[in-house]
Amino acid sequence: MTEPLILILGACLLDALIGDPVYRLHPIRVIGHWIRVCERALFALGLDGRFGGMLHWVLVVGAALGVWFGMRLGLDTIHPWLAFGWDLFIAYSLLCTRELLEQGWRILHDLDDLPAARRRLSLLAGRDTAPLQRDGVVRATLESLSESLTDGVLTPLWAFCLFGLPGLILVKAISTLDSMVGYKNERYARFGWAGARSDDLIHWLPARLSVPLLALAALLRREHPLLAFRAARRYHALLPSPNSGWSEAACAGALRVRLIGPVWRQGRLVTEIYMGDPDWPAELDDGDLRRGLWLILTACLLALAVVLGMIGLI
């Protein structure tokens with residue numbers, strides 16, 4: 001029981017102290033490159049439907065797990081500490097809590113320079129940022145951070161705790177697959193089905209557990225914990241994703257603000273709907289973003305506490 005605890009705490013500590021490492025052979029970059037290689041090969045063979053997509057899923061996830069295990073096995077024959085160091089390096093590389101929060105703080109820092117804030121936001125949000133004014137930048141940042149709380153923090157961290165490093169690798173491989181091929185367009189509607197559905201599955205429970213987590217964080221931050229529950233129940237279905245709406249709506253309620261608003265993608269206005277009660281403010285400023293960042297940080301720390309509690313129970 002000591003080694004998994006040291007591995008989890010060590011990876012979290014490295015992520016907190018150093019942040020996400022940026023280099024060419026980063027595991028996520030390697031997985032992304034392999035996804036493209038396999039995709040081109042399967043399309044060349046005419047396997048561009050659901051069967052090809054499922055084969056693609058197996059090739060990507062199997063390779064990610066196989067490379068990790070093969071390297072670990074080889075290093076373990078030399079010395080167990082080398083194998084542990086490899087595990088620690090992979091785990092640290094796949095956790096990105098600090099990077100997520102830093103992006104939010106950078107946007108807050110640049111908020112008085114709107115073009116710079118929009119450029120920062122474009123690294124975080126999958127939408128057109130050029131039409132956004134100051135309040136729109138704040139709303140979009142809070143939406144992206146609250147959505148990423150589930151798929152970028154809770155699911156990887158809790159999978160790591162429950163299923164060890166293979167669980168973390170599996171989750172990150174699936175998330176990368178979904179981000180690259182999980183689109184409902186002509187090319188990927190069938191081919192990306194396996195990646196998109198498996199991504200929905202792995203985030204299903206963490207998305208719903210994000211609601212009490214954000215409510216508890218709101219209680220500790222003296223925000224609005226009861227509104228987090230009410231907003232999650234009332235507004236989660238406003239988003240097409242079966243998962244992302246839960247944490248976004250809970251965040252809106254916890255801060256008692258309206259999120260979403262006008263959203264443009266590729267020059268087209270796709271929605272003007274707001275998430276939240278009509279009397280909640282939507283004209284948000286740097287104070288609202290700062291409150292949101294502290295709320296998300298508190299939720300991340302609570303998620304780690306849950307992990308430690310899980311280990312103790314197991």
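The largest nonpolar core of this predicted model has 84 residues, and those with the most contacts inside it are Val137, Leu149, Phe160, Leu165 and Leu295. A nonpolar core is here a set of buried Ala, Val, Leu, Ile, Met, Phe, Trp, Tyr and Cys residues joined through side-chain atoms within 4.5 Å, where buried means under 20% relative accessible area, exposed over 50%, and partly exposed in between, with a 1.4 Å probe and protein chains only. Helix α7 supplies the largest share of this core, 22 residues; helices (H or I, at least four residues) and strands (E, at least two) are DSSP runs numbered from the N terminus. A second, separate core of nine residues includes Tyr235, Ala249, Ile260 and Met275. In soluble globular proteins, nonpolar side chains tend to be buried together.

Residues are numbered from 1 along each chain as its sequence is written. Because the model is predicted, local features need pLDDT of at least 70 and side-chain atom pairs count only at pLDDT 80 or more, while totals for chains, interfaces and linings use all residues, and side-chain values use heavy atoms, with hydrogens and water left out.

**Residues of helix α7**

Leu145 belongs to helix α7, which covers residues 134-181, and it counts as buried because its relative accessibility is 0%. With neighbours within four places in sequence left aside, Leu145 is in contact (heavy atoms within 4.5 Å) with Leu100, Gly104, Leu124, Leu293 and Ile296. The C-alpha atom of Leu145 is separated by 25 Å from that of Gly192, which is 47 residues apart from it along the chain. Leu149, with neighbours within four places in sequence again left aside, is in contact with Leu100, Leu154, Leu214, Ile296, Ala299 and Cys300.

Arg139 is also placed in helix α7, and at 4% relative accessibility this arginine counts as buried. Its side chain reaches the backbone oxygen of Ile260 at 3.2 Å, a polar contact in the sense of a pair of N or O atoms within 3.5 Å, where within protein one must be able to donate a hydrogen and the other to accept it, and residues adjacent in sequence count only if both atoms are side-chain atoms. Not counting residues up to four places away in sequence, Arg139 touches Arg258, Leu259, Ile260, Gly261, Pro262, Tyr274, Ala282 and Leu284.

**Salt bridges**

The structure holds 16 salt bridges, each being a side-chain nitrogen of Lys or Arg within 4 Å of a carboxyl oxygen of Asp or Glu. Side chains of opposite charge can pair when their charged atoms come close.

| Pair | N to O distance |
|---|---|
| Arg72 and Asp87 | 2.6 Å |
| Glu223 and Arg291 | 2.6 Å |
| Arg256 and Asp279 | 3.5 Å |

In the pair of Arg72 and Asp87, Arg72 lies in helix α3 and Asp87 in helix α4 (residues 80-94), so the bridge ties together parts that are 15 residues apart in sequence. Asp87 is buried, with a relative accessible area of 4%.

The salt bridge between Glu223 and Arg291 links distant parts of the chain, 68 residues apart, with Glu223 in the loop between α8 (193-220) and α9 (225-235) and Arg291 in helix α11 (residues 286-313). Glu223 is buried at a relative accessible area of 17%, whereas Arg291 is partly exposed at 25%.

For the salt bridge of Arg256 with Asp279, Arg256 lies in the loop between α10 (244-255) and β1 (259-260) and Asp279 in the loop between β4 (274-275) and α11, so the pair ties together parts that are 23 residues apart in sequence. Arg256 counts as partly exposed at 29% relative accessibility, and Asp279 counts as exposed at 55%. Elsewhere, Arg98, Glu99, Glu102 and Arg106 are linked in a network of salt bridges.

**A nonpolar surface patch**

Trp34, Phe51, Met54, Leu55 and Leu59 make a nonpolar surface patch of about 450 Å². Patches are made of residues with over 30% relative accessible area and no salt bridge, with like charges joined within 9 Å and nonpolar side chains (Val, Leu, Ile, Met, Phe, Trp, Tyr) within 5 Å; the accessible areas come from the Shrake-Rupley method with a 1.4 Å probe, and for residues only the protein chains shown count as cover. Helix α3 (residues 50-78) gives the most to this patch, with four residues.

Trp34 is found in helix α2 (residues 27-44) and counts as partly exposed at 34% relative accessibility. Phe51, found in helix α3, counts as exposed at 56% relative accessibility. Phe51 and Phe191 are 140 residues apart in sequence, and their C-alpha atoms are 7.6 Å apart in space.
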